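Thanks for coming, everyone. Please have a look at the structure on the screen, and then I'll walk you through a few places in it.

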Amino acid sequence: MAITLNLLSIAVLVFAISVVFIAVISPFTLHRIAQFTFGIRKVILWSLVTAPWWIAISCVGFFWPRQQDIFPAALLNDFAHWHHVDIFSFTSWHAVTLLSASAYLLWSVTRTVYIRRKQASSMADLIGLSDIKLQHINGKQGYYSLPLPIPAAFTTGLLSPKIYVTTALKERVNEQELDIIVRHEIAHVESRDPLLKVAFATFAVFFPATVKRKLIQQFTLLTEQVADSAVTKKYDNLDVAQTLINVARMQRSIDSVQNNCCDGLQTSYFGNDQTTVRVQCLINPVTSPSRLAVGFAIILFASAPLLTASTVDSLHHIIETFFTH
């Protein structure tokens, strides 16, 4: 029990150090992420947002006393060592760290659940109070026509996502543009993007507000670009880009407050404030990433647990020069 509680307290320190580490490197990493293909970008974003968790788990495994049976003990003792792994005091800073982390985790989970339920309730009220009708395009894919004066198309629902197109948008686009829009939303449904966006945002909640916002923006942009790319299997890239521009122009002509009805992490919608980047990606898609950039990313993620373990060991002993353990 003492070993477990000590390692959990160290895991909390590792988690905090990892958050700082990601906050420092994320501006440089996210600034160049457009150079990678969609698949590599997805791996990088998920690795960044979950880094505090898998780094903490890796360090706990590294610090676990019994692992010296597998690795040379001398090497581990030179890198990171413990003097009291089998002693735990409930009046020590270890206990305070665990208690504070538990309280913060409970507060974060409660707040996140509350926000998600509130967003889901608002969307359910909007759809429930509207006279929605099931429509089909080209006799195939079904979507729901939503009688609203706001030009919008979006996919919402975590486990059973559905596509909604407002009547205001249908009346302003031609048949080809409507097909492009619906195909874009179909890609969101097939990829389960609303659910993944909520999961991604849940991991991102532990980062500072600026880093959290940038991570979510990049992941949202990625899901939209992947959906745009899926449509290009049927239509030319320029046709998709032009449709995106037309819809974005319609939406920006409407009061931004009205457009908030389609916002939220549980919703993926056609057209947003990253239109320029999406159009550029359609015109000049990335076909192969830089090998140097890929190699740097691999080295960075592979060395992160080792560097963090070294840092947390030093921090652990610095703390104990001021507080008893």
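V109 sits in helix α4. Helices here are DSSP runs of H or I, at least four residues long, and they are numbered from the N terminus. V109 is partly exposed, at a relative accessible area of 44%. The cut-offs: buried is under 20% relative accessible area, exposed is over 50%, and partly exposed is in between, using a 1.4 Å probe and protein chains only.

A word on the source: this is a predicted model, so local features need pLDDT of at least 70, side-chain atom pairs count only at pLDDT 80 or more, and totals for chains, interfaces and linings use all residues. Residues are numbered from 1 along each chain as its sequence is written, and side-chain values use heavy atoms, with hydrogens and water left out.

Back to V109. Together with W53, L105, V113 and F203, V109 forms a nonpolar patch on the surface. The accessible area of the patch is about 390 Å², by the Shrake-Rupley method with a 1.4 Å probe, where for residues only the protein chains shown count as cover. Patch residues have over 30% relative accessible area and no salt bridge; like charges are joined within 9 Å, and nonpolar side chains (Val, Leu, Ile, Met, Phe, Trp, Tyr) within 5 Å. Which helix gives the most to this patch? Helix α4, residues 93–128, with 3 residues.

Now the charges. Side chains of opposite charge can pair when their charged atoms come close. A salt bridge here means a side-chain nitrogen of Lys or Arg within 4 Å of a carboxyl oxygen of Asp or Glu. How many does a search of the whole structure find? The search finds 3.

Take D179 and R183. Their closest N and O atoms are 3.0 Å apart. Both residues are in helix α6, 4 residues apart, so about one helical turn separates them. D179 is buried, at 5% relative accessibility. R183 is partly exposed, at 28%.

Next, E224 and R278. This salt bridge has its closest N and O atoms 3.7 Å apart. The pair links distant parts of the chain: E224 is in helix α8 (residues 209–231) and R278 in helix α11 (residues 275–283), 54 residues apart.

D228 also bridges to R278, with closest N and O atoms 2.8 Å apart. D228 lies in α8 and R278 in α11, so this pair ties together parts 50 residues apart in sequence. D228 and R278 are both buried. Through shared partners, E224, D228 and R278 join into one network.

Terms used: Helix = DSSP H or I, 4+ residues; strand = E, 2+ residues; numbered from the N terminus.
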